[in-house]
Amino acid sequence: MKHIIAFSASLGFGLMSNSAVIAAVPTLEIVGASGNTSATGPSTASQTNTYLFNPDNPTANTFSPSYFPKTTVTYTLENQQYTNGLVFGGSSSSSTSERQIFIPLNGQGSPVSSDFTSSRLNPSMGTGVDADLNYGTRMLLQSQLLGNFSWNTSGQNSGLGYYFGDVVVTFNRPVKNPVINLSGMGGTFSGIGISANFKLVSPPAGTSIRALSGRNLQVSGFDITNSASRYGATTGGNNNSNHNASGANGGASGSVQVENTNTITSLRFRVYIASDSTSSSGWGNSAGDAFVFSASSVDSMVGDLVVSKTNNTTQVYSGATTTYTVRVTNNGPDTYT
């Protein structure tokens, strides 16, 4: 049984007062209007979404495209280890059947909104994301291409599993602190549990990651994994001993904070497939895993802009002209281009 993971990242604004009290702030988010909800795959063409401004985070969702500068995120598949091992879209039952690429976070894995967090600056975690309104990009990991490789992945890449390729997240302008939302990590086939895992590689200088919220979502160093003892398709639970599809049975969903001391324009995540089996049997022709990868929100650039208007004239007579000089000064902490 193939499954879907929703992977999403968000952007938020933030200021800290002198008393070190952090207030909730507006965010830039990926929602249905950010992309083409009717586009289907399989496809290996890069996918681009546009962030919308939510001034009411985390208590409401008032999304507006009227934000400057326009901010987009593009997902590109690179370093494919198997021919079309990773594709956008594709059916959960067939790699050649059409299926939507751009879907809501709750479209896979049955996560709830409280599994996610839109910003580390929210007063409490598990807030600011609506799992029905916030979207991500579905990808299909065709693990049947592993053929006769052993199901036992405990010795593969420190337990992350078999490496399939990279998802590169590129922003059209410098940003800070993206939040990566993942949903639906986990599934079953042929009596075993499987799950995609991720690793942030070549992180920009001054970058670290940590979990904000979720269930069965674990962050260690730069690894993002499903922490359930046995994997399943539905979020929650930690030991799907029967590998069935009912109830919370070993799926993982949640939010990962990427923190940056400097602005960034891209992130690279390696994608792996792991199983909970100790068998040496091969993967065969029916195995596969689908997931949705999306940068759902990120920090906007924060600047303290001061506008002044001056001239050198103290008195202007009727009918005369005068010239004003308008200056805009950015007192930081971030720069604008």
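Trainee: Why is Asp166 called buried?

Mentor: Its relative accessible area is 1%. Buried means under 20%, exposed means over 50%, and partly exposed lies in between (1.4 Å probe, protein chains only), so Asp166 at 1% counts as buried. The model is predicted, so local features need pLDDT of at least 70 and side-chain atom pairs pLDDT 80 or more, whereas totals for chains, interfaces and linings use all residues. Residues are numbered from 1 along each chain as its sequence is written, and side-chain values use heavy atoms, without hydrogens and water.

Trainee: What makes Asp166 and Arg268 a salt bridge?

Mentor: The closest N and O atoms of the pair are 3.0 Å apart. The rule asks for a side-chain nitrogen of Lys or Arg within 4 Å of a carboxyl oxygen of Asp or Glu, and Asp166 with Arg268 meets it at 3.0 Å. Asp166 is in strand S12 and Arg268 in strand S19, 102 residues apart; strands are DSSP runs of E, at least two residues, and helices are runs of H or I, at least four, numbered from the N terminus.

Trainee: Why is Arg268 called partly exposed?

Mentor: Its relative accessible area is 25%, so Arg268 falls in the middle class. Glu78, at 30%, is partly exposed as well.

Trainee: How many salt bridges does the whole structure hold?

Mentor: Five. One of them joins Asp115 to Arg215 at 2.9 Å.

Trainee: How many aromatic pairs are there?

Mentor: Eight. Among them are Phe149 and Tyr162, with ring centres 5.6 Å apart and planes at 45°.

Trainee: Why is that pair called tilted?

Mentor: Rings of Phe, Tyr and Trp (its six-membered ring) pair if their centres lie within 6.5 Å; planes under 30 degrees apart are stacked, over 60 edge-to-face, and the rest tilted. At 45°, Phe149 and Tyr162 are therefore tilted. Tyr162 is buried at 7%, whereas Phe149 is partly exposed at 41%.

Trainee: What makes Phe189 and Trp283 stacked?

Mentor: Their planes are at 20° and their centres 5.7 Å apart, so the pair is stacked. Phe189 lies in strand S13 (residues 187-189) and Trp283 in the loop between strands S19 and S20, 94 residues apart. Both Phe189 and Trp283 are buried.
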